Amino acid sequence: MTIQWYPGHMAKATREVRELIKRVDVVVELADARIPQASRNPVLNEILSDRPNVLALVKTDMADEAVTKAWQQHFEQNGETVVLMNAKHNHGTGKLVQEVKRLAQPKMQALQKKGIQNRSVRAMIVGIPNVGKSTVINRLVGKNQAKTGNKPAVTQGNHWLKVSNRMDVLDTPGILWPKFEDPEVGYKLAITGAIKDERLDFEDVVLYLIKQLHERYPEALKARYNLSELPSEGVELFEAIGRKRGCLIAGGDVDFEQAAEVILRDFRSEKLGAISLEKPEE
Ligand code: GDP
């Protein structure tokens, strides 16, 4: 489920997240490891005020491991705290808790000086729709407690869930919109399921994916679709894959719509392997 974002929604979401951020010691921003740049929200930096934040690259099981490492280095060189996570193998949760507590230290020490002892560190999870916010909250608390659903409204009824004896997390995540001005970013978000397929021309999205795969992972394409050579033209490659998979209309022409569905399904179900769609040096 994805929200349609309008300027009014965006302003409201900003206000709400800004308010919630005031109540926490540390903000955990999630980004999709396959598209670490495209899946970050453009305004978060402005509303963090002075809160320390951790960048959690999630879904690392679906991303190219070497590229994810390069991203981690890139962000760390920019002074960010990065944790790699994947829910599939429950990897990274302990490290996330450790980093949140570390970043909260100055605040906790200041509170202790004022005589406030033993207050738990408070964190919140923020990120664009479908990035994995509920999954991370559930991993943190070890139960199926997180509210799902992508309502931008997070004003009523939020409370703290216990993560460990010294850390709590807000039960509702902060939902922020993705960047959609740049068409390439839009394609990447559609491919990974962050924005609804209908928002963009479906066949265009898949043509973009095919071009990316051709450039970055040609061997994966050859293996999956049993092609010994890859046509250099994107549309021809699209057609060749459609033909191989038997996506044809009467008369023997390729049914691009059906072929697009097959390719997107293959990508999303990792039939093409672990794939990253952007690199830090680009
Ligand atoms: P939210 O909208 O940000 O709360 O996203 P969800 O937590 O509902 O996750 C969106 C989808 O991503 C769900 O289908 C999850 O199962 C899937 N997902 C979340 N984290 C991971 C992960 O680390 N690895 C994989 N493979 N899938 C994940």
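The protein chain splits into domain 1 (7-175) and domain 2 (201-268), with bounds taken from an automatic or database domain assignment. Their centres, taken over C-alpha atoms, sit 36 Å apart. Keep in mind that this is a predicted model, where local features need pLDDT of at least 70, side-chain atom pairs count only at pLDDT 80 or more, and totals for chains, interfaces and linings use all residues. Residues are numbered from 1 along each chain as its sequence is written, and side-chain values use heavy atoms, leaving out hydrogens and water.

**Around the ligand**
- The ligand has 13 residues around it, and Asp-61, Ala-87, Lys-133, Ser-134 and Thr-135 come nearest (near: a heavy atom within 4 Å).
- On the polar contact side (N or O atoms within 3.5 Å), a polar side-chain atom of Asp-61 is 2.7 Å from a ligand nitrogen atom.
- Ligand oxygen atoms feature too: one lies 2.6 Å from a backbone N or O atom of Ala-87, and one is 2.9 Å from a polar backbone atom of Gly-132.
- On its own the ligand has 580 Å² of accessible area, and the protein covers 70% of that (Shrake-Rupley method, 1.4 Å probe).

**Annotated binding site**
- UniProt (unreviewed entry) puts a "binding site" at Asn-130, Val-131, Gly-132, Lys-133, Ser-134, Thr-135 and Gly-174; such annotations may be inferred rather than shown by experiment.
- These residues span 45 residues in sequence, but no two of their C-alpha atoms are more than 13.5 Å apart, so they gather at one spot.
- Asn-130 sits in the loop between strand E4 (121-127) and helix H5 (133-141), with DSSP runs of at least two residues for strands and at least four for helices.

Technical notes:
A polar contact is a pair of N or O atoms within 3.5 Å; within protein, one must be able to donate a hydrogen and the other to accept it, and residues adjacent in sequence count only if both atoms are side-chain atoms.
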